[in-house]
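Visitor: Hello! I am new to this structure, and I would like to know what the words used for it rest on.
Guide: Welcome! Let us look at it together.

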Amino acid sequence: MTVTLVEGFDHISTIQQKNWLHSFGGMGDDYSAPATGRHGGQSWNMTGQSGGIIGAMTIGSYFTKMWPATTTEAILGVAIYRIAGFGPGGNQAMSLSLVNAAGTAVASLKWDTLQRPFIYSPGFATSSPPANFIHQDGTWNYYEIRIKINGASGECELRMNGASVADIPTTAMNFGTAALGGIQFYVGASNGAPVGFYADDIYCVDCTTGSAPTNTFLGDSRVDTIYPTGAGASTEWDNNGGSNWDRVDDTVPDGDTTIVATNVAGEVDLYECSDVTIGSGDVWAVQTNFYAKKQDAGSREIAAVIRQGGANYVGSAKALSLGSYVQYSQLWLLDPLGAAWSVTKVNTDQFGIKLVT
Ligand SMILES: [Ca+2]
Ligand SMILES: [Ca+2]
Ligand SMILES: [Ca+2]
């Protein structure tokens, strides 16, 4: 696998809905919720506010998402909009980290007291920040951090805003020997003015597997979300009013209010979907997402379906949980026929679901 994670935060009300872990490093409470996205839609808002803190205690809030597999070399791309300035540590701090399989930060992107980004290795070393870049609050910047695990011969590299030349060139740094397993965002705030940042348009690639072009820097990238806009070639599930497609076009899931359901194995629901808002460019991966539950004991498995060129292609079956809705995602690095994706394919394909068992 090469692209290991994409996240645009567009169709959720809580980050847990996309299987991120939210944990606290201190006592207190914080504020985190969707905010306006970098190009419409939503971003994720991590803000520490004095009003949300009990007494004068410092809080630290972590958001962690693990990859399907560990790797010794990976790139994290992420758009960051900072609300207020941060230092490298102490009471008002933020970091974007790659973590090991235990969820512990191995390499972190931070900002120094002059608001310049640098890469930090807990217990080992710190890279030099680029001399000519100061992060302005209130603007979006796209960061791409590459980390290679190889003991004392490890490497880091940082590119900003799609630059083809690294702002922190390849630098030897010791990140230990434990493989990387995922990403983690952190914000910490003491009892003071609101501080924090928005994150959007995340990609991660595993540099050690797969092939070009998705095993290296992808540049300033965006994660666009498209929703059902009409019936597709197959309408076999049952709706609870309206049309099938308008039961599942929720920008944010509405629980049992609008649903499609079936108990007939093999039934397929397909939908015409909106087009991506960008007219051209490379499509590095497509991720299908459905939000589902089963209503009784017994096994029920659902798979995403992509209809391309008049044929249906069924994704990996997911065994559903009982009781609460869970989001099931599948990354399609290539189209169902094994070719590279394109904007045209994304815009003309139909997407849907199949009850497998
Ligand atoms: Ca977004
Ligand atoms: Ca719905
Ligand atoms: Ca379309």
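The talk below goes through some terms one by one.

Visitor: What kind of model is this, and how confident is the predictor in the chain?
Guide: This is a predicted model. The mean pLDDT of the chain is 89, and 90% of its residues reach 70 or more.

Visitor: Where does pLDDT stay under 50?
Guide: That happens over residues 50-57, where the model has 17 contacts beyond four places in sequence. Where pLDDT is low, the predicted coordinates should not be read in detail.

Visitor: How many helices and strands are there in the chain?
Guide: The chain has two helices and 25 strands. Helix 1 covers residues 244-247, and Asp-246 lies in it.

Visitor: Why is Asp-246 called partly exposed?
Guide: Asp-246 has 16 other C-beta atoms within 10 Å. A buried residue needs 20 or more, and an exposed one has 12 or fewer. The count of 16 falls in between, so Asp-246 is partly exposed.

Visitor: How far apart are Asp-246 and Tyr-271 in sequence and in space?
Guide: Along the sequence they are 25 residues apart, while their C-alpha atoms are 9.5 Å apart in space. For the chain as a whole, take contacts between residues at least 6 apart in sequence: 70% of these join residues at least 24 apart.

Visitor: How much of the chain counts as buried?
Guide: Of its 357 residues, 37% do.

Visitor: Which residues have the most contacts inside the largest nonpolar core?
Guide: They are Leu-76, Leu-98, Ile-145, Ile-147 and Ala-199, in a core of 50 residues. Apart from that core lies another, of 19 residues, with Val-268, Ile-302, Ala-304 and Tyr-328 among them.

Visitor: What does Ala-199 touch?
Guide: Leaving aside residues up to four places away in sequence, Ala-199 touches Ser-43, Trp-44, Val-78, Ala-79, Ile-80 and Phe-185.

Visitor: What makes strand 21 count as mostly covered?
Guide: Strand 21 spans residues 301-308, and six of its eight residues are buried.

Visitor: How do you know that strand 21 pairs with strand 23?
Guide: Two bridges join them, and they run antiparallel. Pairing asks for at least two bridges, so these strands pair. Ile-302 has Lys-318 of strand 23 as its bridge partner.

Visitor: How many bridges link strand 21 to strand 25 and to strand 22?
Guide: With strand 25 (residues 350-355) there are six, in the antiparallel sense, and Val-305 has Gly-352 there as its bridge partner. Four bridges join strand 21 to strand 22 (residues 311-314), also antiparallel, and there Arg-307 is partnered by Asn-312. Strands 21 and 22 form a hairpin with two residues between them, and Gly-309 in the turn has a positive phi of about 60°.

Visitor: Which peptide bond is cis?
Guide: The one from Ala-212 to Pro-213 is cis, with omega near 10°. Pro-213 lies in the loop between strand 15 and strand 16.

Notes:
Residues numbered from 1 in each chain as written. Chains lettered and ligands numbered in written order. Predicted model: local features only at pLDDT ≥ 70, side-chain atom pairs only at ≥ 80, totals over all residues. Contact = placed C-beta atoms within 7 Å. pLDDT = per-residue confidence, 0-100. Core = buried A, V, L, I, M, F, W, Y, C linked by C-beta atoms within 7 Å.
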